[in-house]
Structures are given as C-alpha cells and as structure tokens.
Amino acid sequence: MKAGTIIRVIAFALLVAFLVQPYWFEPFFALFANDGAPAIYNQGDLLTLTLLHLQIVFAATVAAMIVAVGLAILVTRPSGSEFLPLSRSLVNIGQTFPPVAVLALAVPAVGFGAKPTLIALFLYGLLPIFENALTGLTTLPKPVVEASRGMGMTSLQRLRKVELPLAAPVILAGIRLSVTIGLATATIGSTVAAKTLGEVIIAGLNSNNLAFVVQGGLVVAVLAVLIYDLLSALERMIARRMGRGEPA
Amino acid sequence: MADTVADGAPQRRLSWPLQFDKLGVVIAVLTGFALVAPFATMRANRIVAGEAMGVVASLPVWAAAMLLASVLATTIIAILRTPTALRFPAGIATLAVLAILIGVAGEHLTPDDNNYARVSPAYGFWLLLFAFALLTTDAMARLKLGPLARIGMLGLTALAVGLLLVSGQWDSLSIMKEYSSRAETFSSELIRHLLLAFGSLAAAVLVGLPLGIAAHRIARVRAPVLNVLNIIQTIPSIALFGILIAPLAWIAANVPGAAAIGIRGIGAAPAFVALFLYSLLPVVANTVVGLAGVPRQANDAARGMGMTDRQRLAKVEFPLAFPVILTGIRIVLVQNIGMATIAALIGGGGLGVFVFQGIGQTAMDLVLLGALPTVAMAFAAAVVLDAIIEMTERRGRTS
C-alpha cells in the first residue's frame, strides 16, 4: 500500500513537471520521433489542453450526476415507479451507442467544437451513474428504511438522511466509472475539433509523429489512473463513515 | 405495511374517471413538438444548407393524413391507461408507418430527374421515431418477453428493415444516395468492420480464458495480470491505436513472413491488436469472477467423485461460470463494434471510414451511413447475447 502511494506521488509529480516544463522530457520523447520531427507538441500549450480536457470532463460529469441521480430518485419514488422498467431498458440501449457515433451525430445539431463532445460525455456519463444510483436506492437494507419510517420521518427526510447517504458509495462508484470513461472519450472529441488532449494524439497520427501520440496518450492515461485512485479512496472513506454511522 | 422500498406504488384510485398514463403524457408532449417541427429537409445538393419542411409540405396529402391519423391514434392509446397488449402493436405499427412514409417524403420532395437534390429526415421525424420507440420499449419491458421471443423480435425487425432497403422505398433519401455511390466500398468496409470486431473478440477469448483460469488458480498471478489489463483500459483508444503502429511496423520489417500475412505499421493490424488488448480485461476479469463464484460444495463433490483437475474444470467449474464469462464477452463485443469505428483514423478501415469522411466533408448523411449500421449492429449484438446469457442462466438453475 505504501509503495503504491509513493508510485502515485511520483507519477503525479512527473505529470505536473511534464505539463509545466515539457522540454525537460525532450530526450525521452525524442526516442519516438522521426529524425528532424519535433519531439514535444508544439502547436499549443500542453497544460492548457490538459486543463481544457479536465474542464470538459468535469462539466459533463457534474451535469450527468445531477440528471442521473435526479432521475434515479424520481423512478424509485412511488409516483415515478411507472418509469422504472422503461428507464432500465433505456440505460441498456444507451450503452450500445458507440462514442464516435454519438459525437458525429451531435455535430449537425450543435456544430463543431466542445459542444458535441460535452453532449457525448454527458450521455456516456449518465448511464453508469444512473445504473449505480438505481442499484443503490433499490437495495437499501430493509430494517434501516423501516426504522426511519417508524421514527416518523417524512419521505423527504428519509431520502436525505437515510437513503441517499446509504446509497452514496455505490453512486460514487458510478461517478468514478463515468469519469474514467469520460477522460478517454474526451480525446475522441478532438475529431470534431474540441480542444482536448486528443488534439495532441491526432496531430501525431496526421503527421506520423509517434512522439505526439505517446505523450498525449500517456498524459490521459496517467490522469485517468490517478483520478480513478483518488475517487476510489474517497469512496472507501465514505463507505467507512457510513459503516461507523450505522447503529448495528 | 409496504414490504419493499421501491415497491410502494399506491393503489389505483378510481375517484377520477379518466386515468392518464405518465409515459403517455411524455409521448404526447414529444409528439406535439414533433408535429410542428420540420419533418424532412430538402437541399439543392449534398452539402449546402437545406430547407426544412413540415409534415404537410413534405408528404402527399394521403400520406400526411395517414401519418397524422396513426400518430394521433397511438398517442391517445399511449395517454390513456390501455393494456400493454394494445400499446405494443400500436407502437410498432406507428414506427412502421414512419419508416415507410419517410421514403414517400423523399420521393415527393425530390424533383423529377434531379440527381443532386438531397432529402433527409429532419428532427421532427427523429423526435416522432424516438417518442414511439419509447412507447414500444416500455411495452416490451412490461411484456417481459423471453429470450427466444426477443431474438425473434430482433429478427423480424431486421427482416422488415431489409425488405425496406431492398424494395427501394428509401432510395430517394440522401443516406441511400451516399450508399449507392459507394456500394462496393460499403460492403468491403462493413466486412472489415465485422472482422475487426469479431476477430479481436475471438483472439481475446482464446487468450483470455486460459489467462483467467490461471489467474483464478494461481493467486500470485491474479493481481499483476488484472492490474496490467486495468491500466491498458485507461489508455485512450486513439492513443493505443497510434502507439501500436511503431511495434507493428518494427515486426513487419524484422520478422520474416510477418509482412506477408498482412502485419503492417499502419492499417488493420494495430487496430486489431488494440481491440484485442481492450477486450482482454472483461474476458479475464469475468472468468476470474465466474470461477470464484462456483460454490465450494460443487467443487468438493466433484473432488469426492474422484474427478481430476481437468475434468472438474470442464464439467463443473466452467459450466457454472459460463453465464458470467458470457457477460464479459457481451461487454467486449458491444464495445468492439463501437470502437472499431476508430480504426479508420489509422487507416484500419471499417465503417468509421464513412463517419470520418462525413465529418471532414460536413456531409452528415455520410456520417449516418457509417454510424447507423454501427449502432444497429452493437444493439443487435447486445440483444442476442443478453438473450443467450439469460438462457444459459436458466439452464444452470434448472439442471
């Protein structure tokens, strides 16, 4: 566990160093570049692209989280239970849509740039969060819910103080999955001219410069692993707190 | 009182004579929007901006009347609390009417002897399609069709779409014009797409199953294997496709015979390897989970019967773990069909060729020509495999 933490700290330090001072790493990436080709991406600032990449993923995930958790709450209430079977099927069908198709089909509606990417990431983010929120809210321990009813809590109080906190770790696992998918999918957004790290990779593919492909890919992969681990740690923390808070 | 948390639906009260269906209200709102929105777009040629036309302007009088009548009737059926046995056929019938009439709109709007004019469905059409697909999906979910019935429904749908394609009903639509000018490329790219998706799946199963069995039996192997495969998943697909160009180019140049069997730095080979690498994690992880879920008693009984390790694997562990392994295969297949579109970026072919060409030329019907078959194939793969998984689970429970 300790060794794992050290590796993560080093990975993070290397990532920050590379984004701030990419030319320090020129000798390494020069290994992948053809003779004479630039080894470090020179058509834009890597740090800016990384921040834009994170920004798109963050915005899409927050929107997806609000909508997905809201929908999951809606279909698990008595008044919305009519929509439960349909919402399950829609989630299943939605997952079969390939990201490239969603991106490309969003272009005629909203034009090129960040917008189609945001839409694709939002739709992709919705599914895992919704599925997990649904699981979390429908598999609550019965005694706890009964007890909260017995205590005379209103349904809103039950939702806020019992159901959502108990479902939180499962919901967070969905958010983690959605962020990981989003980080990778945002790179594809550059095929429709979104400013993300995909730009670096595509520039490399177009000019046959492997150094660009490797650095773009590495930055996204390291980001994804670090964020994944961070969210897993957060999830464990919340789960532990929930465990302690439980009377049993 | 209430026995489960989610199942607190109130008893239907009959204080109000007409009960509205909530989904029906949603469908009615969607339909309302759709009917005032443009139904089809007509353009002078394939890339200029088009003129949007409403339902009445897009269709001959008889067709517009037919469309409005069926849409209205089905919306009323949806909005009232009608039995599922009525909602399902009504939804299907309206979808069929929409599918046929969009072709009629194409013919109606295309001037005679004009090969440049393009007619495409506009968002009113897509909205109507979505609304009645919702109704049909909801009805199907409520009917709780068995696995064979679901595959049957899929087959019938494919047959209907095939008939519409063959009959030429859609030939006047822009997407079919894009098709007809590249019919040969289309079929070769389609085959390439399927080869990439299914071939990499087959390779992943051949390698992933033994790897998963090894990871299950040898605890020391498990964590490293799963960790490496997890990290591969975090590499964005376009980067992995690109990174593989270098080692494959090296192999092609330095391993005798490699180039002869089609291994090259650019093209299908790196795409195939990338899809294969992405496919390994779900196959290996699900094999491990499936084998770990085999009840201890079953294994003990098999040992007590004097089965060898190999017999136990073949006759006890594997059959019991099979549904879980199949779930991994379903994930991989659906994912590969979608991801194979990215192969086009590195010259690997597949339906992504049309998608990226279309994006480049801002010709959206060309994008659709690549995207719609991809979505349809991924969807069909999900339906078929879900049904198979359900059948194997049932067999596992009854035997």
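Which strands of chain B does helix α4 (residues 84-109) lie across? Helix α4 of chain B lies across β1, β2 and β3 of chain B, and runs at about 155° to β3(B). Such angles run from 0 to 180 degrees between N-to-C directions, with axes being lines fitted to C-alpha atoms, for helices over the stretch in contact. Contact here means heavy atoms within 4.5 Å. Helices (H or I, at least four residues) and strands (E, at least two) are DSSP runs, numbered from the N terminus.

The model is a predicted one, in which local features need pLDDT of at least 70 and side-chain atom pairs count only at pLDDT 80 or more, while totals for chains, interfaces and linings use all residues. Residues are numbered from 1 along each chain as its sequence is written, chains are lettered from A and ligands numbered from 1 in the order in which they are written, and side-chain values use heavy atoms, with hydrogens and water left out.

The three strands under discussion form an open sheet in chain B with the order β2-β1-β3 and antiparallel pairing. Its edge strands are β2 (51-53) and β3 (118-121) of chain B, each of which pairs on one side only. From one strand to the next, the twist averages 25°. Strands of a sheet pair through backbone hydrogen bonds, either parallel or antiparallel. Two strands are taken to pair if DSSP finds at least two bridges between them. Strand β1 (residues 40-43) of chain B is joined to β2(B) by 3 bridges, and β1(B) to β3(B) by 4 bridges.

Individual residues show how the strands line up. On the β2(B) side, Ala40(B) stands opposite Met53(B), and Thr41(B) has Ala52(B) as its bridge partner. On the β3(B) side, Met42(B) stands opposite Val119(B). In a regular strand the side chains alternate between the two faces of the sheet. In β1(B), Ala40(B) and Met42(B) point one way, Thr41(B) and Arg43(B) point the other way, and all are buried. Buried means under 20% relative accessible area, exposed over 50%, and partly exposed in between (1.4 Å probe, protein chains only).

The structure holds 7 aromatic pairs over all chains. Rings of Phe, Tyr and Trp (its six-membered ring) pair if their centres lie within 6.5 Å; planes under 30 degrees apart count as stacked, over 60 as edge-to-face and the rest as tilted. Phe125(B) and Trp126(B) make an edge-to-face pair, 5.3 Å centre to centre with 70° between the planes. Phe125(B) is buried at 5% relative accessible area, whereas Trp126(B) is partly exposed at 36%. Together with Phe39(B), these two residues form one aromatic cluster.

Another pair lies in helix α14 (residues 309-339) of chain B, where Phe318(B) and Phe322(B) are 4 residues apart and therefore separated by about one helical turn. Their ring centres are 5.8 Å apart and their planes at 45°, so the pair is tilted. Phe318(B) is partly exposed at 26% relative accessibility, and Phe322(B) is partly exposed at 27%.

Leaving aside neighbours within four places in sequence, Thr137(B) is in contact with Leu86(A), Ser89(A) and Ile93(A). Thr137(B) counts as buried because its relative accessibility is 16%.
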